[in-house]
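Please work through the exercises below with the sequence and the model open beside you. Each task is followed by a solution that goes step by step.

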Amino acid sequence: MNVAVVGLGFVGLVTATVIADKGNSVTCIDVDGEKIEKLKRGELYIYEPGLKELFQRNMARMSFTSDYSSLRESEVAFICVPTPTVNGKIDLSSVRDSVLSVSSVDKDVIIAVKSTVVPGTASALSSMIGRSIVSNPEFLREGNAIEDTLHPDRIVVGGKSDVDMEKVCDVWEFTGAPIMRVTNENAELIKYASNAFLATKISFINEIANLCEKIPGADVATVAKGIGMDHRIGKDFLRAGIGFGGSCFPKDTRALVSFAEEKGLELKIVKSTMEVNEERIKHAIEMIEEEIGNLTGKNICVLGLTFKDNTNDLRESKSVELIDALRAKGAKILAYDPVIKELDGVKMVNRIEECKGTDSVVIASEWKEFETNPIYERAKNVVDLKKVVNLKVHPNVRVIGAYHAEN
Ligand code: UDX
């Protein structure tokens, strides 16, 4: 097939690459000329395990341009542009602009919206351009994006035209995943409800983590394992820590709450999920203060800057929020990250060993390489805010979500 992907951020680039790898020709469009030039040279601006190799292997089937007229031959155009929050509400202008641009170039190409948009968006845009639009939300996680695109749990396709929906289903046939054919509105809401539910699991386990910290003998990792073995609950997204960050959960929970408010409805559970998440950094700071006292003038080494492991994405990173909060308390920060080597105003080290002399080493992201390190034995103090350290090897590390005798 000839496919176009509009918006070459994280979702667009992974989607385009995987579709190309399955033998399709892909026209990749982005308004950012700098990104286009990089991609033409075979350079990526995002870090995602396996993507560089897959991208370079499939470049011959991909073309890169800022010119919408290049998508004339395409059968389906996937819209993967961002939907940021502005003043607490979702900003749909990029989705609208790209849909209008695609439909002005070609009246036959099927438009499939992958961007996360509030229910009613596809129908409204569809009325604007006078033809049907397919909603095809994505569920891929950064750091696991290729695997999630190749083997999704399900494909959700929403729309009013069976013919258009079938064409979109054809693109994803290679996944073998179950396909749900629904209305545009259901597809749009499935995406929000999925993210809000996963975020709620995280906030829920973080509250249980707070409780475990008050109970001698309790540890949230064991409790999470025990509840997760019940298949009705499921074991995933029950890792306690400093809360969820990134480009999706914080933004999507906010958008869902404000969308419901416009409909005269208060989403109490989602609001509490956000509230619990906002309190995580304050809680982390208290833990570090319990360990090393007043933070003024203290040297602290933070391990992990991105919002999660296996990515270079700093958007709404809890680690960066933590660094700001530590600094506000007068601490001096060193930081180490496996992929981020520069961050405005933060002194970076190249090796974790360089953190040895600091007052505390604080683990703020879940990279596998943080599981064990000889430095944890030699450092003055280590605080694990992501429950990543192997406590069998390093029993002396202070860890979030477990009782601490000096509480
Ligand atoms: C998320 C959704 O998982 C994905 O389906 C959607 O399409 C986009 O948003 P992503 O934001 O890339 O994906 O990463 P994810 O793995 O979901 O992690 C989000 C945040 O939650 C990270 O900050 C992570 O550290 C945190 N998290 C995740 C936890 O604190 N505990 C967990 O158990 C899982």
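**Exercise 1.** Find how much space lies in the second largest pocket, and state which residues lie nearest its centre.

Solution. The second largest pocket holds about 370 Å³ of space, where a pocket, on a 1 Å grid over the protein atoms alone, is an open set of points with protein on both sides within 12 Å along at least five of seven lines, and a volume is the space filled by probe spheres set on the points, which are joined across faces, edges and corners. Its lining (residues with an atom within 4 Å of a point) has 15 residues, of which Ala 221, Ala 224, Leu 238, Arg 239 and Lys 387 lie nearest the centre. By class, this lining has seven nonpolar, one polar and seven charged residues; Ala, Val, Leu, Ile, Met, Phe, Trp, Tyr, Cys and Pro count as nonpolar, Asp, Glu, Lys and Arg as charged, and the others, Gly among them, as polar.

The model is predicted, with local features needing pLDDT of at least 70 and side-chain atom pairs pLDDT 80 or more, while totals for chains, interfaces and linings use all residues. Residues are numbered from 1 along each chain as its sequence is written, and side-chain values use heavy atoms, leaving out hydrogens and water.

**Exercise 2.** Describe the largest cavity and name the helix that gives the largest share of its lining.

Solution. A cavity is a set of grid points where a 1.4 Å probe fits but cannot get out, and the structure holds one of 30 Å³ or more. The largest cavity has a volume of about 60 Å³, and its lining includes Val 113, Lys 114, Ala 187, Glu 188 and Lys 191. Helix α8 (residues 184-212) supplies the largest share, three residues; helices are DSSP runs of H or I with at least four residues, and strands are runs of E with at least two, numbered from the N terminus. In this lining, five residues are nonpolar, four polar and three charged.

**Exercise 3.** State the order of the six strands in the open sheet, and identify its edge strands.

Solution. The order is β13-β12-β11-β14-β15-β16, with parallel pairing, and two strands pair if DSSP finds at least two bridges between them. The edge strands, β13 (347-348) and β16 (398-399), each pair on one side only. Within the sheet, β11 (residues 299-303) and β12 (residues 332-336) pair over five bridges, and Leu 303 has Tyr 336 of β12 as its bridge partner.
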